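I opened this entry to keep track of what I looked up, one item at a time. The notes follow the order in which I went through the model.

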Amino acid sequence: MTAAPASLIRNGRIVTASDDFVADILIEGGRIQAIAKTLSPGPGMAVHEAAGLLVLPGAVDVHTHLDSATPTASTVDDFAAGTRAAAFGGTTTVVDYCTPPPGASLMAGLEDWHRRRANACVDVGAHMIVLNAGAETLAEMKTLVAREGITSFKFFMAYPGALMLEDGALFTALRAAGALGALSCVHAENGPVIQSLVQAALAQGQTAPRHHALTRPALLEGEAAQRAIDLAELAQAPLYVVHLSTAQALRAVQRARLRGLPVFAETCPQYLLLDDSVYEADGFEGAKYVMSPPIRPASHGPQLWNGLRSGDIQTVATDHCAFTYGEGPEGQLGLRHSKRLGLAAFNRIPNGAPGLETRLALMHDAAVLQHGMSLHRFVDLVATAPARLFGLFPRKGTVAVGSDADLVLFDPQERWTVRATEHHSLSDYSLFEGRQITGRVKKVLLRGQCIVDGTQWLGREGLGQYLPRGASGRI
Ligand SMILES: [Zn+2]
């Protein structure tokens with residue numbers, strides 16, 4: 001693969017998790033070769049004028065489900081569509097969850113994932129979802145860490161009979177991951193109790209989308225997070241609580257961190273910026289917000305912001321898992337990608353929503369402009385901390401000599417409005433439709449190659465490379 005030709009970014013305000021200064025950046029061989037007050041372009045060198053713009057590290061989204069299928073539904077964004085949406089939103093690295101098909105080995109699941117990710121437009125790594133804790137699986141986990149650059153695993157405490165590990169298996173898997181120096185990601189919701197609540201609701205004829213949220217109460221996330229933390233402590237395993245959405249789970253994480261345990265947490269824009277009034281919409285509209293965990297009552301959001309401020313939550317990812325609300329023009333996308341699979345009952349609505357394209361701008365607007373956080377903290381949340389925690393730093397997640405030239409030229413003042421009709425996900429809706437945002441991605445470089453210029457797509461499918469990752473779980 002040939003690297004992009006040399007280029008120069010001039011007069012941009014470079015903002016990293018620690019620095020903020022105006023300088024030029026020389027890019028050669030896909031990497032940053034020099035950063036200095038003034039650099040001169042060589043003959044024929046592309047020059048990107050960045051005066052008045054922020055130059056940010058390409059954002060890193062460590063929670064996506066692209067081209068992912070369940071027995072009844074499959075996500076509408078494959079790697080090509082999902083990573084193109086990511087690029088337009090300033091995200092140049094995605095770490096996707098690889099789900100091995102039922103009964104398949106982890107290695108077979110990974111091979112299948114590599115086939116699917118081959119058309120990615122930005123760089124991609126994988127976390128491996130572990131569905132049992134048998135001897136063969138544990139041996140494969142070792143191989144994945146040692147040979148495949150997969151240094152994080154995910155365990156589900158929800159979805160009994162499908163994805164869930166019961167406590168004994170969870171403990172065994174945590175201990176194996178800890179011994180390998182890998183990071184254990186956990187979906188913390190008490191699956192069996194949720195199942196009981198779902199059955200009770202359906203028995204009473206409560207089938208509307210809002211019952212999805214009512215049958216997954218906040219307490220059951222707090223309980224599961226605390227249980228995961230206790231089991232991880234006993235197993236001596238660093239733990240990363242994905243998509244943390246409640247005050248109860250946050251308190252569990254805070255208590256653990258006060259004791260010095262290696263416990264980390266991620267939240268998502270939808271839990272910071274929305275509340276459960278979204279489920280009051282007429283008819284089936286609430287299905288757009290059916291995801292797990294659900295959007296929470298309004299009291300949780302401010303506490304999650306406090307968690308970001310205190311540093312107890314280290315990352316903001318999307319959990320991009322996109323379905324359509326309709327079925328596309330003339331039904332061309334079909335029912336298997338659609339929320340309409342659950343028209344008859346909320347428990348059949350595919351869980352998940354799009355988000356890859358809006359995370360960076362949403363968080364700039366919300367964290368920096370509305371919540372008074374520094375630009376450094378914003379960059380840390382969306383790029384640097386995820387890169388560090390998942391073994392990608394300093395190749396990804398910062399602007400430094402020797403790092404990949406993954407760069408976002410960002411106008412911190414441009415105002416725009418989120419419209420699903422203008423986004424690049426194949427989903428037909430946005431969780432943030434109509435939201436006014438200040439700050440917009442103007443240009444995106446992936447390893448020195450300009451892949452987004454305003455509304456123009458200059459990238460291509462297959463440009464994204466696989467990222468074997470180093471040790472995870474340190475920050
Ligand atoms: Zn997820």
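**A bent helix**

I began with α12, where I found a kink of about 55°, centred on Leu381. The model I am reading is a predicted one. I looked up the extent of α12 next: the helix covers residues 375-389, which is 15 residues. From its first C-alpha to its last it reaches 20 Å, and I noted that this is close to the 21 Å expected at 1.5 Å a residue.

I then asked how much of α12 is covered. The helix is mostly covered, with 13 of its 15 residues buried. Just after α12 I came to Gly391, which takes a positive phi of about 70°.

**Arg474**

I went on to Arg474, which sits in the segment after β17 (456-457). Is Arg474 buried or exposed? I recorded a relative accessibility of 55% for Arg474, and exposed means over 50%, so this residue counts as exposed.

Leaving out residues up to four places away in sequence, I listed what Arg474 touches: Arg388 and Leu389. Both numbers fall within the range of α12, residues 375-389. I also checked Arg474 against Leu369: they are 105 residues apart in sequence, and their C-alpha atoms are 29 Å apart in space.

**The zinc ion**

Which protein atoms are the donors of the zinc ion? I found His63 (NE2), His65 (NE2) and Asp319 (OD), at 2.1 to 2.2 Å from the ion.

His65 is in the loop between β6 (59-64) and α1 (79-88), while Asp319 is in the loop between β13 (315-316) and α11 (359-370). The pair therefore ties together parts of the chain that are 254 residues apart in sequence.

I checked the accessibility of both. His65 has 10% relative accessibility and Asp319 has a relative accessible area of 11%. Buried means under 20%, so His65 and Asp319 are both buried.

**Two packed helices**

My last item was the packing of α2 (residues 106-117) and α3 (residues 135-147). I noted an angle of about 45° between these helices, with their axes 9 Å apart. That angle makes α2 oblique to α3.

Which residues meet there? On the α2 side I listed Leu106, Met107 and Leu110. On the α3 side they meet Thr137, Glu140, Met141, Thr143 and Leu144.

How values were computed
Residues numbered from 1 in each chain as written. Predicted model: local features only at pLDDT ≥ 70, side-chain atom pairs only at ≥ 80, totals over all residues. Heavy atoms only, no water. Donors = N, O, S within 2.8 Å, 3.2 Å for Na, K, Ca; no water. Helix = DSSP H or I, 4+ residues; strand = E, 2+ residues; numbered from the N terminus. Buried < 20%, exposed > 50% of the residue type's maximum accessible area, 1.4 Å probe, protein only. Expected span 1.5 Å × (residues − 1). Bend = angle between axes of the 7 residues up to and from the residue. Axes fitted to C-alpha atoms, helices over the stretch in contact; angles between N-to-C directions. Parallel < 35°, antiparallel > 145°, perpendicular 65-115°, else oblique. Contact = heavy atoms within 4.5 Å.
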